[in-house]
Structures are given as C-alpha cells and as structure tokens.
Amino acid sequence: MHAGMKITAFAAALAATFGTAYGVGKGVGPVVDEAAPARHESHSEASPQSGGGGGHEGQEQAPPGGLQISESGYTLDLRTPRVEAGRQTDLSFVIRDGGGRAVTAYQREHDKELHLIVASRDLVTYRHLHPTRAADGTWSIPVELPRAGGYRVFADFTPAKKNAENLTLGADLAASGPYQPQQLPAPSATAKIHGYEVQLDGGLRPGTAGELKLKVSRNGRPVTDLQPYLGAYGHLVALRSGDLAYLHVHPNGEPGDGTTKPGPDVSFTATAPSSGTYRLFLDFKHAGEVHTAAFTVRAGAAGGGDESTGAKDAHESSDSHGH
C-alpha cells in the first residue's frame, strides 16, 4: 500500500474486475447528511485501489482522476445512466477495451477486483460499493439514491495485463424526481457518526504532500481495536467540489507491518492537485461494522499552506448488498 495519495483518471463505465470467476458484490452504504443514522452491514472482504500517480513535492503529478470516461484504451460503458430517486435499481456497467470487447480479467487490488464510488454532485451523498461481475464482464449492484439530481460514478480498477496501470473511469448518473440542491457542509474539525467521534488533524496542500491524521473515539474513549477494512485500518477517498475529481488516499502502513496500530489514530499522506474545497470520506471498521465519517476540507493556494480543515457531522444509512 502506497503512502501517497493516488490520483487516478476516469472513463465512462464504473467497473473494475479480475479473473474469470464471478465477483462477490458487497456495498458500504451511503453517507447522506439529511438521512437518519443507520449502520452498514459488516464486511469480510475489502480492498482499496491504487490510483495512478503519486503527489509528492518536486515530482510531476498525474492529472486528477474521475474526469474522463475513457483512458489508456479502456472505456466505462454505463448501461444504467438514469435511475429514479428513492427506488432501488440495478446499476450495471461494462469496462471495454480498445476493440470494444468487455474486459473480464483484472488484477485484484487489496482483496477486491473493483471499487465503485457513487457521489452526488453536491457531495452530500456518498457510497462505496463492491458490485458483482458476471462471466460476460457485466458488473451490477442494486442501489437506491435518496435524492433527485446529478451523481458521478467512479470505477477504480487495474486490468490483468503486464505493466497495466491503475485506472479510475467516471460517468454521470441522473436520479429523477423533485430536485432540491443541498449546500456543502462547512468545515469543522470533528465528525460524529453512530456514537463515534472522529477528529481530523492536518490539511490538504496543493502540490505538497502532507499528513492527515484521524483519531477515532467512542463515548469519550479512544478506540484502540479498529479492524482491518480494505486492507487497512482506514480507507479514505477525497472528491474535489465542482468537478468531483477523484483522489484515492492510501494509509501510512498496513496491518501486520509492525509499524501500524489498530487505532485510535489512522494517518494518510495526501497531496491536493489544486487549491479548492474537497470532501473527505473515511471508512473505518469497528465491532464488525463499517462506518463513514465525512469531512469538508479547504486546500489553500499553492505555496500558501492549507486553510481550515474539518468535518460537518455526517450521518450514514445503509443498503443491504450481500450477494
């Protein structure tokens, strides 16, 4: 697992797969600020994806991911571009190669063939899902989006080819129904979710690597027995407000490496591709359940350091996606 923030490019069909066997679909429920809290189902499998390009000072950065539907000869073919808000719908897609063929062989990244992210354009709703892949290369998973409006879907995967690069392809998804845009939550240093409190220390800086440290506590006591999720004690995704550029942040260390403890602190090294406002989504697992804390972070102008960072209280609700 890399220490730096992975920034990957996107194309238009959410997916990531590997091998010829059927994938097992599981999902982490959405973060929805306006919804009542509910718990995620527990997960026994997980895997963060590697994105392309590091982000350390003095090194050339790869462009932000998620902004393209095609990249390096691969295309995201989103077969369900529209859904109805509040109604469960099977979201399906295919990753196609340069010849238009469905891709059926992928490298496994941290126990998962594919990481599927669905986020609303206003960054209020967020979901991290693991769809099921059929033998013909079609990926699918049931989703129920709570509000009408525009969404972005991201497929993070690595094809099973020698020297293949990790890719993140992105496509637009529309949810029909009465639409009422939500305001991005203001920055704050603390997020509360399902009885847990997560404290954020550190910030994003454009073009400069910096540490983001998140401390998890429950009922006023530090949580020191976090469980591995996606191959680590925490999984972090950042989305840039405005265009939803996708930033995959990898934790510093991994369980069993002798340097990482199971809480209360989980640290990440991250580099923002530009100044602006970002929404951070931290998934962590405790007592067999996965929770998501959401933070609004502002990255300052290059060379000027970072501005205030933090999180608005985030509530999550879950869909059941066990297959």
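Predicted model: local features only at pLDDT ≥ 70, side-chain atom pairs only at ≥ 80, totals over all residues.
# A tour from cavity to core

The largest cavity has a volume of about 40 Å³.

**Stop 1: the cavity.** Select Ser-120, Arg-121, Asp-122, Arg-147, Ala-148, Gly-149, Gly-150, Tyr-151 and Tyr-179; these residues line the void. Which strand gives the most to the lining? Colour strand S11, residues 149–157: S11 contributes three residues. Rolling a probe the size of a water molecule over the atoms shows where empty space is left. Here the count comes to one cavity of 30 Å³ or more.

**Stop 2: the whole chain.** Zoom out and switch to cartoon. The protein has 22 strands and zero helices. Of its 323 residues, 53% are buried. Draw the contacts between residues at least 6 apart in sequence: 75% of them join residues at least 24 apart. Now show the surface.

**Stop 3: the open sheet.** Select S3, S4, S6, S10 and S9. They form an open sheet of five strands in the order S3-S4-S6-S10-S9, with antiparallel pairing. Its edges are strand S3 (70–71) and strand S9 (132–133), each of which pairs on one side only. S6 and S10 are antiparallel, with six bridges between them. Pick Ser-92 to see one of the links: its bridge partner in S10 is Ser-140.

Stay on S10, residues 138–143, and select Thr-138. Is Thr-138 buried or exposed? Thr-138 counts as buried because its relative accessibility is 15%, under the 20% cut-off. Show what surrounds Thr-138. Beyond residues up to four places away in sequence, it touches Arg-79, Ser-92, Phe-93, Val-94, Thr-132 and Arg-133.

**Stop 4: the S17–S18 hairpin.** Jump to S17 and S18. The two run antiparallel and are joined by four bridges. Ala-238 has Leu-247 of S18 as its bridge partner. Five residues lie between the strands of this hairpin, where Gly-242 takes a positive phi near 110°.

Next, show the side chains of S18. In a regular strand the side chains alternate between the two faces of the sheet. On S18, Tyr-246 and His-248 take one side, while Leu-247 and Val-249 take the other. Both faces are covered, and all four residues are buried.

**Stop 5: a buried loop residue.** Step back to the loop between strand S16 (221–222) and S17, and select Ala-232. Ala-232 counts as buried because its relative accessibility is 0%.

Stop 6: In soluble globular proteins, nonpolar side chains tend to be buried together. Select Val-198, Leu-204, Leu-212, Phe-268, Leu-280, Phe-284 and Phe-295. These have the most contacts inside the largest nonpolar core, which has 28 residues. Strands that each supply at least two residues of this core include S13 (190–193), S15 (210–218), S20 (276–286) and S21 (289–299).

Centre on Leu-212 and show its contacts. Leaving aside neighbours within four places in sequence, they include Leu-200, Leu-204, Leu-236, Val-266, Phe-268 and Leu-280. Finish at the second, separate core. It has 26 residues, among them Leu-78, Leu-114, Leu-167 and Ala-175.

Technical notes
Residues numbered from 1 in each chain as written. Heavy atoms only, no water. Buried < 20%, exposed > 50% of the residue type's maximum accessible area, 1.4 Å probe, protein only. Contact = heavy atoms within 4.5 Å. Core = buried A, V, L, I, M, F, W, Y, C linked by side-chain atoms within 4.5 Å. Pairing = 2+ DSSP bridges. 1 Å grid on protein atoms, 1.4 Å probe; cavity = no way out; pocket = protein on both sides within 12 Å on 5 of 7 lines; lining within 4 Å. Points joined across faces, edges and corners; volume = space filled by probe spheres on them.
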